[in-house]
Amino acid sequence: MRRFFTVGGRRLSYLDFGGPGRPLLALHGHYNEALTFAPLAAALAPRWRVIALDQRGHGESDRAHSYERDEYVADVAAFHRHLDVGPVAVLGHSLGGVNAYQFAARHADKVSALIVEDIGAVVDCDWSFTTRLPGIAPSREALAAALGAAAPYVECSFRQRDQGWGFSFDIADTVASQKALNGDHWNDWTSVTCPTLLVHGTHSDELAAGHAQDMVTRRAGSIRRVELPAGHVVHHDVPDHFAEAVTAFLHGPC
């Protein structure tokens, strides 16, 4: 079910996939939105109830004037307050992964377990793909054709506009967000204290194997690394294996 709440005068949207299970907050990456976690929500039900946020500037959430790190984390904190769920498991992919571990580091009392999907403690994002995205297309099929092999990864963000088909996100906003995501986030990563699962796609062009191992080595406390035969969007490439890894982890520390 789609729901909304307001923070700082902006409306944020989220999908509550429902069910009687324990809540799992999910944060998507760039080019995506809450709907990307529908297959995971189905796989984890009924034991876990996935509640996924459309992050600022994505999905049905309002665009923002800025996409800085602290502002994304403040949105997650507002989302948590709105849901009033107490300490909760949090999962994030890419952009959402950094948001998730920064939230866990800065609000340790609110996160019981953390799942980070294919993003590092140091991010060096290349936004050239974003600037090459097609503009308005005459049909959904034409937009998918213009994207080629990338289409399945972003199709949940396709939207029909008055002029034709485009995306739920703004291209210039996405570039601003990617620039703000870049940087050294080791301090936040090593400050996380809750049980953590780091999921690494072995064919990822975003997270190198050596850096993933370094993330495990430099973290104190309970942390597990899982490698899956996937690219950067692990939950899309191998959804069943991803759900199995998440389930096994959540059934342990939670």
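This is a dialogue about reading a predicted model of one protein chain.

Biologist: Let's start with the whole chain. How many helices and strands does the secondary structure come to?

Modeller: There are 11 helices and 12 strands in the chain. Along its principal axes, the C-alpha trace covers about 50 × 40 × 35 Å.

Biologist: What does the radius of gyration of the chain agree with?

Modeller: The idea is to set the value beside the one for a compact globule. A compact globule of 254 residues would come out near 18 Å, and this chain has 17 Å, so the two agree.

Biologist: And what share of the residues is buried?

Modeller: Here you need one cut-off: a residue is called buried when its relative accessible area is under 20%, and exposed when it is over 50%. By that reading, 55% of the 254 residues are buried. As for the surface, the chain exposes about 10500 Å², with carbon and sulfur atoms supplying 50% of that.

Biologist: Let's zoom in on helix 3. Why does its end-to-end distance agree with its number of residues?

Modeller: You work out a span from the residue count, then compare. At 1.5 Å a residue, the 12 residues of helix 3, residues 95-106, should span 16 Å, and the end C-alpha atoms are 17 Å apart, which agrees.

Biologist: Is helix 3 enclosed by the structure or open to the outside, and which residues tell us?

Modeller: Of its 12 residues, 11 are buried, so helix 3 is largely enclosed by the rest of the structure. The buried ones include L95, G97, Y101 and F103. Another of them is G96, with a relative accessible area of 0%.

Biologist: What does G96 touch?

Modeller: Setting aside neighbours within four places in sequence, G96 is in contact with L27, H28, G29 and Q55.

Biologist: Which residues here have a positive phi without being glycine?

Modeller: D84 is one of them, at about 55°, and S94 is another, with phi near 55°. D84 is in the loop between helix 2 and strand 5, while S94 is in the loop between strand 5 and helix 3.

Biologist: Are D84 and S94 buried or exposed?

Modeller: D84 counts as exposed, at 68% relative accessibility. S94 is buried, at 9%.

Biologist: Which peptide bond is cis?

Modeller: The one from A45 to P46, with omega near 5°. P46 lies in the loop between helix 1 and strand 4.

Biologist: Loops again! Is D118 buried or exposed, and what does it touch?

Modeller: D118 sits in the loop between strand 6 and strand 7, yet it is buried, with a relative accessible area of 0%. Not counting residues up to four places away, D118 touches S94, along with others including H200, E206, H232 and V234.

Biologist: What about S157?

Modeller: S157 is in the loop between helix 6 and strand 8. Its relative accessible area is 0%, so S157 is buried. Residues up to four places away left out, it touches Y31, N32, E33, G166, F167, S168 and F169.

Biologist: And T36, buried or exposed?

Modeller: T36 counts as buried, at 15% relative accessibility. It lies in the loop between strand 3 and helix 1. Its contacts, neighbours within four places aside, are H28, C156 and H235.

Methods. Residues numbered from 1 in each chain as written. Predicted model: local features only at pLDDT ≥ 70, side-chain atom pairs only at ≥ 80, totals over all residues. Heavy atoms only, no water. Helix = DSSP H or I, 4+ residues; strand = E, 2+ residues; numbered from the N terminus. Rg over C-alpha atoms; globule rule 2.2 N^0.38 Å. Buried < 20%, exposed > 50% of the residue type's maximum accessible area, 1.4 Å probe, protein only. Areas by Shrake-Rupley, 256 points an atom, 1.4 Å probe, with all protein chains shown as cover. Expected span 1.5 Å × (residues − 1). Contact = heavy atoms within 4.5 Å.
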